[in-house]
Amino acid sequence: MADFEPKIIVFLCNWCSYGGGDLAGVNREQYPSNVLGIKVMCSSRVSPEHIMESFVDGADGVLVTGCHPGDCHYIDGNYKTIRKIDMFTKILEDFGIDPKRIRLEWISSAEGNKYARVMTEMTEEIRELGPLNLKDEVE
Amino acid sequence: MSDKLKIGFYWCAACGGCEISVLDIDEMILDVVELADIVFWPCAMDPKYEDLRAMEDGSIDVIFINGSIRSTENEEMVKLLREKSKKVVAYGSCSSIGGLFGLGNLYSKEELLEYGYNTPSTEEGGVIPAENSKVPEGELHLPPLLHHVRSLDEIIEVDIYLPGCPPLPNQLKEGLPLILEGKVGKYDLVSQKSVCDECPLEREEKKIPRLYPIQEMMLDPERCILDQGVLCMGPATAGMCEAPCPSVGHPCIGCNGPVRGVKDQGARMASALASVLGVEGEERMEESEIIDVVKSVRDPTGSFYRFSLPKSYLRYKRRDIHG
């Protein structure tokens with residue numbers, strides 16, 4: 001498993017976390033290239049369907065990021081995200097998928113260093129878990 | 001006689017409700033018989049599998065298959081029926097979206113057999129039926145279970161989907177003649193509207209602070225059931241049933257499956273529910289307090305995927321969690 005490179009899908013909220021990622025770049029912060037970012041208008045736009053599809057299509061982990069509670073551009077979007085991800089994590093567990101493969105983080109546009117730190121942490125965690133193999137089990 | 005259509009019905013892993021629902025159309029069954037001859041119907045007639053094998057390929061015009069695919073026998077039979085039929089209709093939720101039996105996919109086949117045959121509830125514990133057994137009269141063969149429950153379209157090509165548990169008379173009265181005349185497309189009988197769209201109950205725009213088990217509630221028959229704090233699958237379930245359950249004060253359980261074009265009913269419901277749950281004054285709360293609301297959702301997987309698990313994204317329990 002030494003040469004396993006995890007694939008991680010990161011959903012970035014347009015107003016905070018994407019800015020955070022931008023700042024990480026401007027500050028020349030170092031973080032692994034295993035993360036594939038997808039910009040969404042709000043973290044609550046990320047439906048459990050998107051996460052499921054990411055897993056089925058080959059992601060080993062999914063990270064959802066948004067504004068800190070109270071800072072949401074749409075007032076209560078991230079409160080919905082908290083509930084959605086929590087409910088969905090339980091569902092994933094019932095399906096036999098490690099709940100560590102999904103993570104929710106708050107990253108503001110001033111937290112470039114946090115962005116880099118979270119990406120590194122997540123990559124290391126998934127590397128330890130190993131690949132998520134969803135290939136069909138045969139009869 | 002010869003210019004009449006030839007139709008058939010077959011059941012796989014099913015409860016038998018779909019077979020009975022065919023008779024729910026009352027006197028309209030006479031119109032159906034006027035249009036078509038029923039040539040194969042194990043539930044009502046006594047055809048042998050050999051009779052079916054002896055038929056010419058494509059000699060049945062429309063075959064209605066209900067039930068999910070649970071054993072190798074189901075798999076074999078539907079493959080045979082596909083060869084013998086021009087059109088295959090996935091009749092009912094089990095064959096079109098996997099059905100109630102699909103919840104068995106949250107356990108392995110071995111766990112299910114163990115639970116079924118080796119728990120204190122069974123009288124002679126520990127005896128799991130063997131695939132082949134010898135009796136004085138000869139050798140008996142029992143078709144083994146498949147690794148997981150499947151929907152019909154995972155095994156063979158399906159021409160028309162007709163969900164419902166079972167399909168209701170109003171769906172049939174509209175759908176059957178169209179199917180027999182060949183006037184419906186693959187997904188035409190799956191509604192694009194949700195049950196909420198058809199539900200007569202009054203919905204207010206408000207947050208739901210907590211969900212309650214239905215037996216703890218005295219429901220107001222005029223107001224939205226979800227609004228009153230009882231889990232109702234209406235938002236994520238395809239309509240066309242005209243919301244018979246909420247109309248009489250019972251929450252929707254999601255039997256029609258997802259609306260047309262949606263793949264995963266459970267994920268949709270989780271998304272919908274997370275948006276309406278909540279308490280006033282969340283802004284001043286800790287994250288852990290916000291999550292508290294979610295704890296009142298009992299068994300999200302079992303409730304959201306009650307009928308559609310084998311056709312969701314993940315389909316059955318994976319082995320990612322070790323130890």
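The model is predicted, and local features need pLDDT of at least 70, side-chain atom pairs count only at pLDDT 80 or more, and totals for chains, interfaces and linings use all residues. Residues are numbered from 1 along each chain as its sequence is written, chains are lettered from A and ligands numbered from 1 in the order in which they are written, and side-chain values use heavy atoms, leaving out hydrogens and water.

Next, select residues 61-66 of chain A, which are strand 3; this strand pairs with strand 4 of chain A in the parallel sense over five bridges. Strands (E, at least two residues) and helices (H or I, at least four) are DSSP runs numbered from the N terminus, and two strands pair if DSSP finds at least two bridges between them.

Now show the whole sheet: four strands of chain A, open, in the order 2-1-3-4, with parallel pairing. Strand 2 (35-40) and strand 4 (102-106) of chain A each have a single partner strand, so one side of each is left without a neighbour in the sheet.

Move to chain B and colour domain 1 (5-101 + 148-180), domain 2 (111-145) and domain 3 (195-311). These bounds come from an automatic or database domain assignment. The centres of domain 1 and domain 3 of chain B, taken over C-alpha atoms, are 31 Å apart.

Finally, select Asp153(B) and Lys311(B), whose side chains meet in a salt bridge (2.8 Å, N to O). The term means a side-chain nitrogen of Lys or Arg within 4 Å of a carboxyl oxygen of Asp or Glu. Between domain 1 and domain 3 of chain B the count is one salt bridge.
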